[in-house]
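I opened a new page for this model.

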Amino acid sequence: MKNKFWNEASRGGAILGLTAMAFALLAMVLPQSVGFVLNLASFVVTLYLLFYFTKRRADQFPKEGYSYSQCLGFIVAMGIFAGIIAGAYQIVASNFLFPEKYEEMYNTIIATYAQMGTFDNNMMDTMKTLMRSYLFSPIPVLITQVLASIFTYGFYGLFVALGTKREADIFDNTTEDDE
């Protein structure tokens, strides 16, 4: 059963990750004026997919039920796999597909920190190095995306799991001895 859990979580996470990747790609190529609609669509599709995959998993346990914590755990497991896909996309996008857009984003972040005036020159040099690695280096990008997905889907899961949990069948008269 444990293998099946991870197989289902990986499939659901891959679809969630590919969906997040598609929306991120659209955000890069479409004008910023459609950003709100795109983000709203991404949010709705993500919640729907989380609900769909978790409900499908919970429906496989009609007799024993599938608790709130099991649903939440399944959603977090999908978040791990979705984060790997999203991280892989960001690595490719920032280094090969849209390096100039990511460079512009990096420059904007650094300019904002410089204007705040709270960092001295040594701290700004450190900040530049850190921000560059967070946006362009594969390992920090992958770790950041996986952690972000775990926390994001975990937060969504707090609510989705309420609607997908399945109580055990109380009218099941069979016992373990009868089987």
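**Rings**

I looked up Phe 155 and found it partly exposed, at 48% relative accessibility. Buried is under 20% relative accessible area, exposed over 50%, partly exposed in between (1.4 Å probe, protein chains only). The model is predicted: local features need pLDDT of at least 70, side-chain atom pairs count only at pLDDT 80 or more, and totals for chains, interfaces and linings use all residues. Residues are numbered from 1 along each chain as its sequence is written, and side-chain values use heavy atoms, with hydrogens and water left out.

I then noted that Phe 155 and Phe 159 form an edge-to-face aromatic pair, 5.4 Å centre to centre with 80° between the planes. Rings of Phe, Tyr and Trp (its six-membered ring) pair if their centres lie within 6.5 Å; planes under 30 degrees apart are stacked, over 60 edge-to-face, the rest tilted. Phe 159 is exposed, at 53% relative accessibility. Ring pairs link Phe 43, Tyr 153, Phe 155, Tyr 156 and Phe 159 into a cluster.

**Cores**

I looked up the largest nonpolar core and found 19 residues, with Ile 75 and Tyr 153 among those with the most contacts inside it. Such a core is a set of buried Ala, Val, Leu, Ile, Met, Phe, Trp, Tyr and Cys residues joined through side-chain atoms within 4.5 Å. A second, separate core of 12 residues includes Met 28, Ile 110, Met 127 and Leu 135.

**Surface**

Last, I checked Val 92 and found it partly exposed, with a relative accessible area of 38%.
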